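Please look over the sequence and the model before reading on. The text below goes through the packing, the ligand site and a few backbone angles.

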Amino acid sequence: MNYKENYDVIVVGGGPAGIMAGLASARVGASTLIIERNGFLGGAATNSVLGPISPFHFGDEQVINGIPQEFIEELVKVHGSTGHLKALDAYGSGAYLGFYDREKYKYVAEEMLVKAGVDIFFHAFISEVQKEGDRITGVTAITKAGTKKFGAKIIVDASGDGDVAVMAGAGYVYGNAQTGKAQPGSSMFEMVDVDTDRVYEYIYQNPGDFEWKSDLVPVREYSDRLKQHYFVAQGFKKLVKKAVEAGDLCFGRDSVIVLNGIHPGSIHFNATRVTGYNSADPVEKSISEIEGRRQIESVSEFMIKYVPGFEKAYVSVTSNEVGVRETRHIKGLYILTAEDAGEGRKFEDVVSRGYFPMDIHNPDGVTGYTEGNSGGCWVDLKDTYDIPIRCLIPEKLDGMVLSGRCISGTSEAHGSYRTQGGIMGIGQASGVVAGLCAVKGVEPRNIDVKEVQQKLVEFGASVWRDEEKKAKEEAHATECVKKYMSRRDKCITKKEVMDQYYK
Ligand SMILES: Cc1cc2nc3c(=O)[nH]c(=O)nc-3n(C[C@H](O)[C@H](O)[C@H](O)COP(=O)(O)OP(=O)(O)OC[C@H]3O[C@@H](n4cnc5c(N)ncnc54)[C@H](O)[C@@H]3O)c2cc1C
């Protein structure tokens, strides 16, 4: 790869947002470079060993479309994803879950970007920015061979923590503006050689032991290699209590979330919580890694000792880095609020849409969702809401577009748009904005949003609701549920939830 000194667009960070931004920018016709500190793409989705992609959907309506959906389809083609499976009970997990193989995720993302003509510069950490007045003009990366400077007409900050914007002097809020606290991180892991049928049977036999649980149903075809009955559950409360009292378990929660791994015989864990560390601070982050690994050891040994089906299991993979849910929210031309999200507000300058409940993990303690939402909270939305272009444009800086989890929003709103589907939609929008601005020589704050929306629609994005499509998706999903469940002899989803499908 022959790297140039100057690009139309540089995307800093190759996570879900950066991947989509790079693809969209290149498709608009801008020469594009992605700079990533790791040697692979995917950000937290691969590096921090995440489980399934949360929905692209609000109910059964697919809200995130276009390049993010193309990515899912490419993954499905190479036996790397189940595509979107419908969660019969959306409480706690979201309406759909897309299981993916993390190694295939890295491969597919790379291939799509290379084919689109995007240059990717790995193992490079952005340490400085160049500016002319309030305009950012380039970045300096630290590499093994010293520093390397790149110039760009537009820089997309998809670093998650908003590193580039902060280096350039942007204002930001860390976590929640009122409390100064951010959602805790988690060290994720998976175990293999698990008898998943026995785990399912335990959940089935002990329904009261689980805060929430759901069967998952396919609505489209995917590889036979990945076929198994997928499910999600949070609980094992009795066993957790017993193990904690016996001194056999020490972790940052009071229950364990399990899901299948994408490959049969494996289980994915979202079961640890490292609370109270600022993950944008290197010292605190180092300590949190040690804390996270201790919790993985404790939870995995607990599973083997206490939970039926895990007797012969072992840990097959752990996160390379504590998964960071929340750090800085860069101040943009508009700050998306909890009310905007919760009320399903629409904006004329919409460039992507939000649809996921506000899911805020308890920043203080071990308890899960609490009544009155005083600790962790799960707040359903009245409707999808719009993400305006103004949330992607820093308040006072030019030459820059914000992307992914550092866009301008409050901690609560971020609790909704932070999952991968929302982030990919934002990534796609940020790439279109950056690409168009670079090609036309316009500042992001001056771009005509109608041109951005038109391009997004060309790429297949669902910028606005299509009622006819939504009705078809709902009918199709109900049909799939009935057909799939008619072949099963048991189900862990609550009866009152199941009854809704047979009204
Ligand atoms: C514990 C945890 C569980 C989650 N569970 C789910 C889930 O079940 N479903 C779901 O859909 N979503 C889940 N998410 C959310 C999902 O991971 C995020 O939405 C997504 O990863 C955010 O994407 P991003 O591209 O904005 O940032 P990131 O994924 O953080 O990517 C940022 C990228 O920038 C790179 N980078 C950072 N700083 C620099 C720098 N200075 N120079 C160069 N490169 C840099 C990083 O290496 C990284 O690749 C979870 C997140 C966490 C932390």
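This is a predicted model: local features need pLDDT of at least 70, side-chain atom pairs count only at pLDDT 80 or more; totals for chains, interfaces and linings use all residues.

Residues are numbered from 1 along each chain as its sequence is written, and side-chain values use heavy atoms, with hydrogens and water left out.

The largest nonpolar core holds 95 residues, and Ile10 and Val139 have the most contacts inside it. Such a core is a set of buried Ala, Val, Leu, Ile, Met, Phe, Trp, Tyr and Cys residues joined through side-chain atoms within 4.5 Å; buried means under 20% relative accessible area, exposed over 50%, and partly exposed in between, with a 1.4 Å probe and protein chains only. Helix H11 (residues 420-440) gives the most to this core, with 10 residues. Helices (H or I, at least four residues) and strands (E, at least two) are DSSP runs numbered from the N terminus. A second, separate core has 30 residues, among them Phe231, Phe236, Ile267 and Ala313.

Beyond its neighbours within four places in sequence, isoleucine 10 is in contact (heavy atoms within 4.5 Å) with residues including Leu33, Ile35, Val139, Phe150 and Val156. Val156 is also touched by serine 430, a residue of helix H11. Serine 430 counts as buried because its relative accessibility is 0%. Its other contacts, not counting residues up to four places away in sequence, include Ala21, Leu392 and Val401.

In helix H6 (residues 196-205), the buried residues are Thr196, Val199, Tyr200, Tyr202 and Ile203. Seen down the axis of H6, these fall within an arc of 155 degrees, so they line one face of the helix; the arc is that of the directions from the helix axis to the C-beta atoms. Their cover includes strand S13 (212-218), strand S14 (231-235), helix H7 (237-245) and strand S16 (267-270).

H7 has Leu239, Val240 and Ala243 buried. These cover an arc of only 100 degrees around the axis, which puts them on the same side of H7. Lys241, Lys242 and Glu245 are exposed on the other side. The buried residues of H7 pack against H6, S14, strand S15 (256-260) and helix H8 (282-306).

Which residues come nearest to the ligand? Of the 32 residues around the ligand, they are Glu36, Arg37, Ser54, Arg418 and Gln420; a residue is counted if one of its heavy atoms lies within 4 Å. Helix H1 (16-28), strand S8 (125-132) and H11 each supply at least two residues of this shell. A side-chain N or O atom of arginine 37 is 2.7 Å from a ligand oxygen atom. On the backbone side, an N or O atom of glutamine 420 lies 2.8 Å from an oxygen atom of the ligand, and a polar backbone atom of arginine 405 is 3.0 Å from a ligand oxygen. Taken alone the ligand exposes 1000 Å², of which the protein buries 94%; areas come from the Shrake-Rupley method with a 1.4 Å probe.

Most residues other than glycine have a negative phi. Phenylalanine 236, in the loop between S14 and H7, has a positive phi of about 60 degrees and is buried, with a relative accessible area of 0%. Histidine 123 has a positive phi of about 55 degrees and is exposed, at 56%. Histidine 123 sits in the loop between strand S7 (119-121) and S8.

Key. A polar contact is a pair of N or O atoms within 3.5 Å; within protein, one must be able to donate a hydrogen and the other to accept it, and residues adjacent in sequence count only if both atoms are side-chain atoms.
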